[in-house]
Amino acid sequence: MKTLRNISTVIAFAFILAGISGCSGCNPPPEPASFSPMEGPETGGTTIRITGDKFDMKNGVTVKVGGKNATSVNVPSKMEITAVTPAGMAGESVSVVVTNNGNTKPEGTVTMSQQFTYTDATAPTITGVSPADGTVISEYEDSLSVSVPISVTFSEDVDTSSGSLTVSVESTPDSATEQSGAIAGTVSGSGNTITFTPNEAYRAGRKYTVNISGVKDTAAAGNTLESGRTFSFTVTSPEKVSRYLVKEGDTLPIIASRPEVYDNEELWPRLAEANQDDYDFDRRRLYPGRQWLWVPRGSAWGD
């Protein structure tokens, strides 16, 4: 009996030693080999599949991506884990760490050699426009050449060749003539700004409307502007003049087209007729800076 008691004691002691040693064979460290996909949007939500061996099916595993806990972690077999990535920062590559929950020793946590890369998933937004919507421009030197830089600023760098930026024109109530339609010009830019340069200068007595849509950012995903923007600005008409001082480069059609004269180049013969008796007037020869022209208007001239 004494011998049997001794044997039982030895066996029990052996089990105790095994428990103290942590039963390393019962909860081995995980052996993750690879995972896919290796990238996903910064918003998170990408389901990754980790393959390898010795994943803890009984106690489960913890997966960290970039130091944050993945969600919906599942261990369908000792050779596979699925997990959903947390949110991260676009362009950042982060570590993936796997821990067997039943093994609290340092070797129970393994950092994989692969890294997960967060891609840009955020669409650009418009943060500013110039001129501001509703701007009224009343001060300018030349009514036929009003300097108005048009630009649109975004929340991030954009592909300046993508999308559409158009400018249209219409006459204002105080314009002498009607004008409407698209304005030809060049769209360019860099970084987070797109600009529009017209082929012809803006002129007074007009309202210009800018439409922009479909612009994409520079990310590989090409995130597209979710909602376009429309804004406009107005250039006021100058006061009508009864006399006009000829400027360099003027011709009678140019003078007649000025908003302060007739706003209509086809009315140039009226200038010739009204001034033909003055100092041997020659419509083909004007004198900038020293020649004044009468600008007739009223019912007598068909107005």
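Reader: In this predicted model, is R258 buried or exposed?

Author: The relative accessibility computed for R258 is 5%. The cut-off for a buried residue is under 20% relative accessible area. R258 therefore counts as buried.

Reader: Which residue forms a salt bridge with R258, and which residues does the network join?

Author: The closest N and O atoms of R258 and its partner D142 are 2.7 Å apart. D142 sits in the loop between strand 11 and strand 12, while R258 sits in the loop between helix 2 and helix 3, 116 residues apart. Through salt bridges that share partners, one network joins D142, D250 and R258.

Reader: How far apart in sequence are the parts that R49 and E80 tie together?

Author: The side chains of R49 and E80 form a salt bridge with an N to O distance of 2.9 Å. R49 belongs to strand 3 and E80 to strand 7, so the parts tied together are separated in sequence by 31 residues.

Reader: Which residue pairs with K54 in a salt bridge?

Author: K54 lies in the loop between strand 3 and strand 4, and the pair links this loop with strand 1, 23 residues apart. K54 is partly exposed at 36% relative accessibility. The closest N and O atoms are 3.2 Å apart, and the partner of K54 is E31.

Reader: In which sense do strand 17 and strand 18 pair?

Author: Strand 18 pairs with strand 11 in the parallel sense over 3 bridges, with V136 bridged to T234. Strand 17 and strand 18 pair over 7 bridges, and the sense is antiparallel.

Notes:
Residues numbered from 1 in each chain as written. Predicted model: local features only at pLDDT ≥ 70, side-chain atom pairs only at ≥ 80, totals over all residues. Heavy atoms only, no water. Pairing = 2+ DSSP bridges. Helix = DSSP H or I, 4+ residues; strand = E, 2+ residues; numbered from the N terminus. Salt bridge = Lys/Arg side-chain N within 4 Å of Asp/Glu carboxyl O. Buried < 20%, exposed > 50% of the residue type's maximum accessible area, 1.4 Å probe, protein only.
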